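Visitor: I have a model open on my screen and would like to learn how to read it. Could you walk me through it?

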Amino acid sequence: MFKRISALLLAGAVTMTMAGCGGDGGSGGSADDGKITMGFSQVGAESGWRTANTKSVQDSAKSAGVDLKFSDAQQKQENQIKAIRSYIQQKVDVIAFSPVVESGWDTVLKEAQSAKIPVILTDRAVDSADTSLYKTFLGSDFVEEGRKAGTWLTEAFKDSKDPVNIVELQGTTGSAPANDRKAGFAEVIGADPKFKVIASQTGDFTRAKGKEVMEAFLKANPDIDVLYAHNDDMGLGAIEAIEGAGKVPGKDIKIITIDAVKDGMQALADGKISYIVECSPLLGPQLMDLAKKAVKGEQIPARVVTEETTFTQEQAKEALPSRQY
Ligand code: GYE
């Protein structure tokens with residue numbers, strides 16, 4: 001008797017969960033065949049972007065009914081490799097990770113492939129020649145982001161006859177966004193020799209490093225016109241360095257950044273940053289959708305590119321009140 005009642009209750013609960021899943025995840029109507037387990041290896045907690053990305057992944061796992069095993073690699077590749085190996089041992093259904101750097105993944109990816117566990121790259125890419133080692137790569141087009149930054153700069157300085165002295169704060173050395181944002185920017189400004197990158201160094205995507213490296217740039221170069229920072233956080237750290245050196249960010253030195261997290265957008269609205277290229281961290285819902293399909297063995301596209309925009313100071317003022325992150 002008790003057994004029958006609890007079985008009935010359980011059946012009701014399962015139906016409700018399934019209805020909830022279909023509604024939230026929007027995964028396309030077909031009945032869910034139970035919880036899947038995802039092992040996720042995050043890069044770290046280096047920036048506002050990363051915090052928002054982690055929240056998006058965790059929230060969407062919950063609403064998609066995915067059992068998430070999460071680990072933070074503190075920006076170290078060896079920690080990510082360890083996490084992936086442990087997910088393989090635990091026989092998770094799917095592995096997703098955001099590779100801190102592009103190279104050096106083939107061995108561990110082959111181990112996942114031999115264990116028949118599908119792998120999804122999220123946010124950052126790897127440079128493995130064998131693309132069968134992962135099912136898909138979900139994330140931004142970082143080269144395009146660099147191009148957008150360069151295009152704004154060439155427009156803003158189109159009437160200037162003088163050389164334009166640019167300093168660049170690069171992201172984590174060897175990471176896809178650092179490599180690609182540098183390349184896209186260089187491609188566009190390279191068309192006109194008046195644009196000169198007089199110093200370029202990594203600030204590891206953090207505020208503290210951005211400040212430290214900008215201080216050194218300012219000491220070595222008295223006439224910087226423009227700072228191009230590969231993310232908002234490094235730009236925000238650099239603003240402190242610029243103000244500390246008695247200069248006015250946005251006036252004496254124009255600043256272009258990438259991401260468009262709230263603090264960056266605030267500095268843009270305040271006139272300290274001149275232009276931001278958006279990079280969306282809200283990858284969670286699409287990731288869960290792709291993961292479910294990959295586990296079911298369904299065909300998924302090899303590349304899913306995030307939709308993004310750009311912000312001027314005026315646009316930042318408008319967008320700020322409804323900004324989610
Ligand atoms: O731009 C930066 C973060 O990989 C796109 O990583 C991401 C980058 C993002 O630390 O803020």
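Guide: We'll go from the overall fold to the spaces in it, and then to a few single residues. This is a predicted model, where local features need pLDDT of at least 70 and side-chain atom pairs count only at pLDDT 80 or more, while totals for chains, interfaces and linings use all residues. Residues are numbered from 1 along each chain as its sequence is written, and side-chain values use heavy atoms, with hydrogens and water left out.

Visitor: How many helices and strands are in the chain?

Guide: Helices (H or I, at least four residues) and strands (E, at least two) are DSSP runs, numbered from the N terminus. Here the chain has eleven helices and twelve strands. Of its 325 residues, 50% are buried, meaning under 20% relative accessible area with a 1.4 Å probe and protein chains only. Take contacts (heavy atoms within 4.5 Å) with a separation of 6 or more: 75% of them join residues 24 or more positions apart.

Visitor: What lines the largest cavity?

Guide: On a 1 Å grid over the protein atoms alone, a cavity is a set of points where a 1.4 Å probe fits but cannot get out, and a pocket is an open set with protein on both sides within 12 Å along at least five of seven lines; lining residues have an atom within 4 Å of a point. Grid points are joined across faces, edges and corners, and a volume is the space filled by probe spheres set on the points. One cavity of 30 Å³ or more turns up, with about 100 Å³ of space. Its lining has 13 residues, and Trp-49, Arg-50, Arg-124, Arg-181 and Phe-205 lie nearest the centre. H2 and helix H6 (176–189) each give two or more residues to that lining.

Visitor: Why does the largest cavity lie between domain 1 and domain 2?

Guide: Domain bounds come from an automatic or database domain assignment. Domain 1 (32–140 + 281–307) and domain 2 (142–279) both contribute lining residues, so the cavity lies between them.

Visitor: And which residues line the largest pocket?

Guide: That pocket holds about 160 Å³ of space. Its lining is Thr-51, Ala-52, Lys-55, Ser-56, Asp-59, Leu-282, Pro-285, Gln-324 and Tyr-325. Helix H2 (residues 48–64) provides the largest share, five residues.

Visitor: Let's zoom in. Is Ser-140 buried or exposed?

Guide: Ser-140 is buried, because its relative accessibility is 4%. You'll find Ser-140 in the loop between strand S5 (136–139) and helix H5 (142–156). Its side chain makes a polar contact with the side chain of Glu-308 at 2.6 Å. A polar contact is a pair of N or O atoms within 3.5 Å; within protein, one must be able to donate a hydrogen and the other to accept it, and residues adjacent in sequence count only if both atoms are side-chain atoms. Leaving out residues up to four places away in sequence, Ser-140 touches Asp-123, Glu-145, Cys-279, Ser-280, Arg-303, Thr-306 and Glu-308.

Visitor: What is phi for Asp-123?

Guide: Most residues other than glycine have a negative phi. Asp-123 has a positive one, near 75 degrees. Asp-123 sits in the loop between strand S4 (119–122) and S5, and is buried, with a relative accessible area of 4%. Asp-259 also has a positive phi, near 135 degrees. Asp-259 is in strand S9 (residues 254–259) and counts as buried at 3% relative accessibility.
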